[in-house]
Amino acid sequence: MRWEVLRYPSLPSTQETARELAARGAPEGTVVRADAQTAGRGRLGRRWFSPPEGGLWFSVILRPFAEAGRRPPLPRDRAPQIGLGAAVAVARAVAGVTGCVPGIKWPNDLLLGGRKFCGILAEAAGGAGGAGFVILGIGIDVNVPPSAFPEDLQSAATSLAAETGRPVPRDELFDRVLEELAAVYRRLRAGDHGGVMAEFARFCIVTGRPVRVQSGAAWWEGVAEGVDSAGALVLRLPDGSERRFHGGEASLRWL
Ligand code: BTN
């Protein structure tokens, strides 16, 4: 994968800029990075706090449904695995650069010390066949001081610097994330989704824990059994039955 990084001091959201570029034909591997976002977006319509210093806010254009060299397209039903694979890539990069091994809270939040320092937003768009694209947005609180977080995030959010006790080299981490992302993406395209999901399971911290899963207006409580080979969360309900959830629509809370 050849990455082409476009860097901006500030954007409303790298997600929107990347989507516009992709719609105008920007190639796979284009990365839109901003030092700050004024309208950063999270999953399920939430906002994403993206202050000017200390974070990594970027969106990657992928074209997994198109032939690439000798590689066949990724089947569309495997698209959700791109977000899960990205979580594995960030976890590997963070472990490599900081020495601290993060946990993944399904579907793709990364945590240290029980608090979130990274969120991932994978959005597919752009029509049928090979024309479609995926915009993979990654937000990492690298050196954001915890006191800078808005009050409602104070107890749930953290940064890598706060957890490791020292500043983390942002550009080194950025390069490492792209390197790991290229490797995971290559594996997914080569059909090794089982291997990527097995690695996801090793970082995943929800297995065996009682959780509440919300999907639309409905919610279910149960014990997380783990993640299947498609990346769906398997929840064991109190009546003993099993229910599967896909990451795009569901959110999970500890009980
Ligand atoms: C989440 O956990 O809810 C996902 C957060 C994704 C945030 C990133 S930051 C870069 C990109 N631009 C956005 O507006 N959102 C994503």
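Is A161 buried or exposed? At 18% relative accessibility, A161 counts as buried, where buried means under 20% relative accessible area, exposed means over 50%, and partly exposed covers what falls in between (1.4 Å probe, protein chains only).

## Basis of the model

This is a predicted model, in which local features need pLDDT of at least 70, side-chain atom pairs count only at pLDDT 80 or more, and totals for chains, interfaces and linings use all residues. Residues are numbered from 1 along each chain as its sequence is written, and side-chain values use heavy atoms, with hydrogens and water left out.

## The ligand and its pocket

The ligand sits in the largest pocket. A pocket is defined on a 1 Å grid over the protein atoms alone, as an open set of points with protein on both sides within 12 Å along at least five of seven lines; a cavity is a set of points where a 1.4 Å probe fits but cannot get out, and lining residues have an atom within 4 Å of a point. A molecule sits in a pocket or cavity if more than half of its atoms lie within 2 Å of its grid points.

Two or more residues of the shell around the ligand come from each of α1 (14-23), β3 (55-62), β6 (115-125) and β7 (133-141). Helices (H or I, at least four residues) and strands (E, at least two) are DSSP runs, numbered from the N terminus. The largest share of the shell, 4 residues, is given by β6. By type, the shell divides into 6 nonpolar, 10 polar and 4 charged residues. Here Ala, Val, Leu, Ile, Met, Phe, Trp, Tyr, Cys and Pro count as nonpolar, Asp, Glu, Lys and Arg as charged, and the others, Gly among them, as polar.

## Contacts to the ligand

There are 20 residues around the ligand, and S13, Q37, R41, R43 and K116 come nearest. A residue is near a molecule or strand if one of its heavy atoms lies within 4 Å of it.

For K116, the distance to an oxygen atom of the ligand is 2.6 Å. For S13, an oxygen atom of the ligand is 2.7 Å away. The protein covers 98% of the 420 Å² of accessible area that the ligand has on its own; accessible areas come from the Shrake-Rupley method with a 1.4 Å probe, and for residues only the protein chains shown count as cover.

## Q37

Q37 is found in strand β2 (residues 30-37) and is buried, with a relative accessible area of 12%. A polar atom of the Q37 side chain lies 2.8 Å from the backbone nitrogen of T14. The side chain of Q37 also makes a polar contact with the side chain of S50, at 3.0 Å. A polar contact is a pair of N or O atoms within 3.5 Å; within protein, one must be able to donate a hydrogen and the other to accept it, and residues adjacent in sequence count only if both atoms are side-chain atoms.

## Backbone features

W106 and P107 are joined by a cis peptide bond, with omega of about 5°. P107 lies in the loop between β4 (103-105) and β5 (109-112).

L44 is found in the loop between β2 and β3. Phi of L44 is near 55°, a positive value in a residue other than glycine. L44 is partly exposed, with a relative accessible area of 44%.

## Buried residues and C-alpha distances

A91 is in helix α2 and counts as buried at 0% relative accessibility. A91 and F200 are 109 residues apart in sequence and 9.3 Å apart in space, C-alpha to C-alpha. P64, in the loop between β3 and α2 (80-98), is buried with a relative accessible area of 0%.

A182 lies in helix α4 (residues 170-189) and counts as buried at 8% relative accessibility. From A182 to R2 the C-alpha distance is 8.7 Å, at 180 residues apart in sequence. A161 is in helix α3 (residues 160-164); A161 and L235 are 74 residues apart in sequence and 34 Å apart in space, C-alpha to C-alpha.
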